[in-house]
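Student: I'm new to this one and would like a close look at a single part of it. Could you walk me through the inside?

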Amino acid sequence: MGVEFRHINNDEINGADAADAPVVLGLQPSALVDHVARVDLSFLSRIHGEAGGSFPVADEELKMILDEVNVHTFASLDNASPLKTIAGGSVANTIRGLAAGFGVTCGIIGACGNDEQGNLFVDNMSSYKVDLFRLRLKNGPTAQCVCLVDELGNRTMRPCLSSAVKVQANELTRKDFKGSKWLVLRYAVQNLEVIHAAIMIAKQEGVSVSLDLASFEMVRKFRSPLVQLLESGSIDLCFANEDEAAELLRSEDNAGPEVALEFLAEHCQWAVVTLGPKGCIAKHGKEVVRVPAMGEAKAIDATGAGDLFACGFLYGLVKGLSLEECCRVGSCSGGSVTRDLGGELTSENWQWMYKQMQTKGLPIPEVGKFCTAK
């Protein structure tokens, strides 16, 4: 079913005035819409780049992939629709999860186009009460991404950002960050200028910075500026999955996840390496914890698993939980999103997460207490 288009105006996005500062801000320079599709492994073999990663493509390649998807996608027994279009982007997934499932006030810094995709992004994020005061409306297209999910639930992502509207470094102001506690970032070489500008202003305003390493392809191809960013000491919390951690230290012998964790912890107050079904390891100061994956989540799609893990971990930090508890909450939230297609949780899967948290003796967010009381 298509999205009904309506014109978006700046008053609708920005509102009459700024509300109280959100606790957590997400910088997603370009608002983005995900097209999530089930494909077989033979389809992935025909797509440029390695399966399992995330790397930008041009407009023409995006159109080609979508055309191919419309011909070759198949519906699983669990979900009759082969293609799902939703508001997306790693940062948006994390911010939406914090607002929807944990009741943390959140906002987005970025830009969206005045088009059908921008309309969808605004409607979706505002429906979860995400503050859009810092989302700039611009003439031009909204970014899109194809998320290809194979039979094993693994995802391959191909974002198209080249012609999309984007917030620029010189457009950021201290007012955007004032009063917030955390800024959530995703590493992307094409966004380095605005990332550096956001970090500089965040530090001036006393805002802590969280960075996700994005994908093994991004780390592999643009490792040097990433290492410089980490070594600057401006990143307070860093998330890497096992593949990204391996690429980060690819020149070193026997550089497993533990070695990568130590490297990240040298430069960040909190360092986390997620290990998929094996859980995660994390370090803060001298404390190191290893936490298993939570529950028996049916892995339908790994899209957003890392984003929702980050959302749970950040909730723990905001609430003053211990390092181990932060990891356990993250494992519950990360596991919950793998039970369905795409990075947006259903009510059923939020309830699954709350029950997992309750079973593990973790504090339930106020928004989830009515579910566990039933």
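Student: How many residues does the largest nonpolar core have, and which of them have the most contacts inside it?

Tutor: Keep in mind that we're looking at a predicted model. The largest nonpolar core has 55 residues, and Phe102, Leu237 and Phe313 are the ones with the most contacts inside it. Helix H12, residues 305-318, gives the most to this core, with 8 residues.

Let's start with Phe313. Leaving aside residues up to four places away in sequence, Phe313 touches Leu237, Phe239, Trp270, Val272, Leu323, Cys326, Cys327 and Gly330.

Now to Phe102, which takes part in a helix contact: Gly97, Ala100, Gly101 and Phe102 in H4 meet Trp350, Met353, Tyr354 and Met357 in H14. By class, that contact is made of 6 nonpolar and 2 polar residues, with no charged ones. As for geometry, H4 (residues 90-102) and H14 (residues 347-359) pack at about 70 degrees, their axes 11 Å apart. An angle from 65 to 115 degrees counts as roughly perpendicular, and that is why H4 and H14 are described that way.

There's another core apart from the largest one: it has 47 residues, including Ala169, Leu172, Leu185 and Val227. Follow Val227 and you land in helix H9, where Val227, Leu230 and Glu231 meet Phe263, Leu264 and His267 of H11. The residues of this contact split into 4 nonpolar, 1 polar and 1 charged. H9 covers residues 223-231 and H11 covers residues 257-267; their axes come within 8 Å and cross at roughly 50 degrees, so the two helices are oblique to each other.

Finally, step back to the whole protein. There are 15 helices and 13 strands, and 56% of the 374 residues count as buried. Among contacts with a separation of 6 or more, 77% join residues 24 or more positions apart.

Note on methods: Residues are numbered from 1 along each chain as its sequence is written. This is a predicted model: local features need pLDDT of at least 70, side-chain atom pairs count only at pLDDT 80 or more; totals for chains, interfaces and linings use all residues. Side-chain values use heavy atoms; hydrogens and water are left out. Axes are lines fitted to C-alpha atoms, for helices over the stretch in contact, and angles run from 0 to 180 degrees between N-to-C directions. Helices (H or I, at least four residues) and strands (E, at least two) are DSSP runs, numbered from the N terminus. Angles under 35 degrees count as roughly parallel, over 145 as roughly antiparallel, 65 to 115 as roughly perpendicular and the rest as oblique. Contact means heavy atoms within 4.5 Å. Ala, Val, Leu, Ile, Met, Phe, Trp, Tyr, Cys and Pro count as nonpolar, Asp, Glu, Lys and Arg as charged, and the others, Gly among them, as polar. A nonpolar core is a set of buried Ala, Val, Leu, Ile, Met, Phe, Trp, Tyr and Cys residues joined through side-chain atoms within 4.5 Å. Buried means under 20% relative accessible area, exposed over 50%, partly exposed in between (1.4 Å probe, protein chains only).
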